[in-house]
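Colleague: I have a new chain open on my screen. Can you walk me through it?

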Amino acid sequence: MRCEFLAGFLLLFSISSKGAVSGDGSIIWGALGHDINLTIPNFQVTDTDEVRWEKGRKLVARLKKEVKPFLLSEAFEIVTNETLQIKNLKRDDNGTYNVIVYGANGSSKLQKAFHLRILERVSKPDVYWACSNTTLTCEAKKGTDLELKLFQGKTLLTSLHQKSISHTWTDQNVPFKCSAKNKVSEESITVTVRCPEKELHFYVIVGACAGGVLLVVLGALLVFCVCKRKKKNRRRKDEELEIKAPRMSSMERGPKPHSTPAAASQNPVVSQAPPPPGHHLQTPGPRPLPPSHRTREQQQRKKPPPSGTQAYQQKGPPLPRPRVQPKPPCRGGEDAPLPPPN
């Protein structure tokens with residue numbers, strides 16, 4: 001009897017010790033929008049045990065014999081005695097889940113913590129390349145905490161924790177493989193780059209032609225602007241010359257010289273050339289007076305100068321004096337001078 005009791009006590013102690021040791025936490029990774037099972041490892045629940053699942057301090061599920069199972073919501077389900085299923089994971093499902101197993105006598109047989117982390121699954125990478133600059137790009141549009149790796153053949157070219165990577169190749173004959181991976185999913189794609197030399201030459205030719213056309217257009221615009229500017233300057237110079245021409249002609253002509261009476265009296269021969277022989281000078285005006293009248297006229301000329309007021313009013317150069325006209329020849333005894341007295 002004592003031996004059977006001792007054997008039972010040792011068995012119960014070993015189970016309890018095992019449950020206490022299994023209290024170390026572990027991280028469980030779940031995919032967003034998918035289901036996940038939380039299973040107690042290396043442990044079997046008996047029909048007399050009570051299993052409680054808690055998130056933090058909140059009870060989410062409970063399983064006990066002869067008692068209806070308790071579920072916090074439809075998102076939770078007890079699949080087996082050791083497994084809790086969480087359906088359609090959401091980001092709010094992140095957290096620590098604790099499972100506690102009680103024996104029939106109410107003692108704790110096991111305690112374990114599950115740290116659940118929710119990640120978005122990666123999408124299949126897209127690979128595209130540009131033959132003009134021999135660059136290949138791998139891109140994954142979806143995924144949380146993903147890692148991209150690019151291989152050429154079996155050689156790893158690039159590995160980065162980001163959603164896009166690029167590589168410049170030197171040999172396009174070996175296929176490329178791009179893989180996207182995180183804790184909950186992995187996707188990959190293999191492609192063979194095809195860049196015919198003709199296609200490369202075509203792009204080069206198109207680029208060169210476009211550059212040449214652009215240079216020709218720019219040169220034509222430059223020549224047009226220069227010619228237009230020169231034409232405008234020439235027209236302006238012509239207008240300035242047309243304006244200056246009348247001024248120069250008037251300045252070259254200058255004011256007409258006025259013959260002063262003094263010069264005319266001092267050099268009567270220069271002012272007027274003598275008439276040709278046989279020419280009778282006819283001047284407008286009255287005929288010369290006889291000698292008696294000339295004496296009176298000379299006396300009138302010898303009158304005193306005018307008053308100060310009249311002299312003050314006469315300004316400027318002196319008025320010209322009438323020149324002495326030559327005596328015309330006598331005609332038929334008309335106005336003939338008297339013979340001198342004997």
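Modeller: Here is a short tour, from the whole chain down to single residues.

Modeller: This is a predicted model, where local features need pLDDT of at least 70, side-chain atom pairs count only at pLDDT 80 or more, and totals for chains, interfaces and linings use all residues. Residues are numbered from 1 along each chain as its sequence is written, and side-chain values use heavy atoms, with hydrogens and water left out.

Colleague: How many helices and strands does the protein chain have?

Modeller: The protein chain has six helices and 16 strands. Both are DSSP runs numbered from the N terminus: helices are H or I with at least four residues, strands are E with at least two.

Colleague: What share of the residues is buried?

Modeller: Buried residues are 21% of the 342 in the protein chain. Buried means under 20% relative accessible area, exposed means over 50%, and partly exposed is in between (1.4 Å probe, protein chains only).

Colleague: Which residues touch the most other members of the largest nonpolar core?

Modeller: W53 and I86 do, in a core of 22 residues. A nonpolar core is a set of buried Ala, Val, Leu, Ile, Met, Phe, Trp, Tyr and Cys residues joined through side-chain atoms within 4.5 Å.

Colleague: Which element gives the most to this core?

Modeller: β9 does, with four residues.

Colleague: And what does I86 touch?

Modeller: Leaving out residues up to four places away in sequence, I86 touches H34, D35, I36, L38, A75, F76, D93, Y97 and L116. Contact here means heavy atoms within 4.5 Å.

Modeller: Another core, of 17 residues, lies apart from that one, and V122, C131, A140 and I165 are among its members.

Colleague: Why would such side chains gather?

Modeller: In soluble globular proteins, nonpolar side chains tend to be buried together.

Colleague: New topic. Is K109 buried or exposed?

Modeller: K109 counts as buried, at 13% relative accessibility. K109 sits in strand β9.

Colleague: What does the side chain of K109 make a polar contact with?

Modeller: The side chain of D49, at 2.8 Å. A polar contact is a pair of N or O atoms within 3.5 Å; within protein, one must be able to donate a hydrogen and the other to accept it, and residues adjacent in sequence count only if both atoms are side-chain atoms.

Colleague: Last one. Where is N42?

Modeller: N42 is in the loop between β2 (36-39) and β3 (50-55). Phi of N42 is near 55°, a positive value in a residue other than glycine. N42 is exposed, with a relative accessible area of 68%.
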